[in-house]
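Please examine the sequence and the model shown below.

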Amino acid sequence: ASLTDIDKHHLSRDIQRFITIAIKEATSRELFQNTCVLDNLKSALKQRAYENSDVLPVARAFQSLEKYFLLLVDQPWKPEFKEIKMYGGFYRTRIRSVLPNCESVFEHAGYMILPESCSLIYKGPINKSLLLLLAFDCRVGQVECETIAEHYNKVKGLSMTLSDAISNILHDDYTQDQPSWNKTNGMIMNMSPVSYVTLPPALPKRDPIVNKEGFIDSSNKNPNVRYQSEYPVYDNSTHKMSDRKFESEIAFPQKSVSRTSDFHSSTLS
């Protein structure tokens with residue numbers, strides 16, 4: 001049983017919704033089955049970004065291609081679908097002016113270019129599987145452009161350009177072939193999210209020089225550092241101050257006379 005017009009409308013709406021979800025989850029290279037459609041989409045969007053013009057005409061061009069391929073599958077006996085006049089108004093204004101390399105899509109579909117008659121002729125049996133895949137890729141291109149236009153209307157007040165909106169939707173497929181330019185001074189900017197810096201290696205920790213008895217070698221002491229063994233120690237047995245060495249000698253910084261404790265001790269003495 002054939003689908004009714006209401007069923008076709010619901011099916012088209014569901015397909016559009018599923019494509020919109022897929023655009024947010026996958027890159028364009030994963031969505032398109034035919035690279036010729038993706039290449040035409042990218043070149044058209046770059047031209048629109050350079051001119052800062054609306055991308056909806058690109059969406060309408062892909063919509064026209066989709067309808068054309070579906071009509072060729074649905075009514076292959078009609079000669080008007082097997083021959084396209086390249087000088088016709090519909091082809092020139094609706095498709096060719098927006099997609100400069102659209103002939104590559106028609107050649108992939110099975111058309112041949114006849115320069116003498118300035119037309120595209122479909123020869124051979126109808127390849128329905130190929131034409132349906134091309135029609136679906138054209139629908140994906142249409143939804144991509146509509147999503148970009150909707151996204152740009154939301155972010156253009158935030159100092160974002162059309163090129164930024166395109167790269168946000170197409171992910172890495174749009175920016176990897178194009179450097180990021182700073183429009184203020186014309187210099188290429190590094191737009192990588194993370195910048196890694198190689199730090200020099202840390203200096204190894206130096207161990208103290210110990211003599212045979214297990215004490216720190218006094219011959220290698222720093223003259224500007226006063227060691228613990230040089231401080232007077234109170235001896236409980238003799239009740240006198242003595243310079244007794246400890247088994248573990250620790251270097252302490254030299255006291256400064258500017259400190260309050262040192263000044264107080266010198267005053268009392």
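The paragraphs that follow take up the aromatic rings and then a pair of helices. The model is predicted, and local features need pLDDT of at least 70, side-chain atom pairs count only at pLDDT 80 or more, while totals for chains, interfaces and linings use all residues. Residues are numbered from 1 along each chain as its sequence is written, and side-chain values use heavy atoms, with hydrogens and water left out.

Across the whole structure, a search finds six aromatic pairs (rings of Phe, Tyr and Trp, the last by its six-membered ring, with centres within 6.5 Å). F106 and Y111 are edge-to-face, because their ring centres are 5.5 Å apart and their planes stand at 85° (edge-to-face means over 60 degrees). F106 is buried at 1% relative accessibility, where buried means under 20% relative accessible area with a 1.4 Å probe, protein chains only. Y111 is also buried, at 3%. Y111 forms a further edge-to-face pair with Y122, at 5.1 Å between centres and 75° between planes. Since Y111 belongs to strand β2 (residues 111–114) and Y122 to strand β3 (residues 119–122), this pair ties together parts eleven residues apart in sequence; strands are DSSP runs of E, at least two residues, and helices runs of H or I, at least four, numbered from the N terminus. Y122 is buried at 7%. Ring pairs link Y68, F69, F81, Y91, F106, Y111 and Y122 into a cluster.

Helices α3 (residues 35–51) and α7 (residues 128–155) have axes that come within 10 Å and cross at roughly 25°. They are therefore roughly parallel (angles under 35 degrees).

Terms used. Rings of Phe, Tyr and Trp (its six-membered ring) pair if their centres lie within 6.5 Å; planes under 30 degrees apart count as stacked, over 60 as edge-to-face and the rest as tilted. Buried means under 20% relative accessible area, exposed over 50%, partly exposed in between (1.4 Å probe, protein chains only). Axes are lines fitted to C-alpha atoms, for helices over the stretch in contact, and angles run from 0 to 180 degrees between N-to-C directions. Angles under 35 degrees count as roughly parallel, over 145 as roughly antiparallel, 65 to 115 as roughly perpendicular and the rest as oblique.
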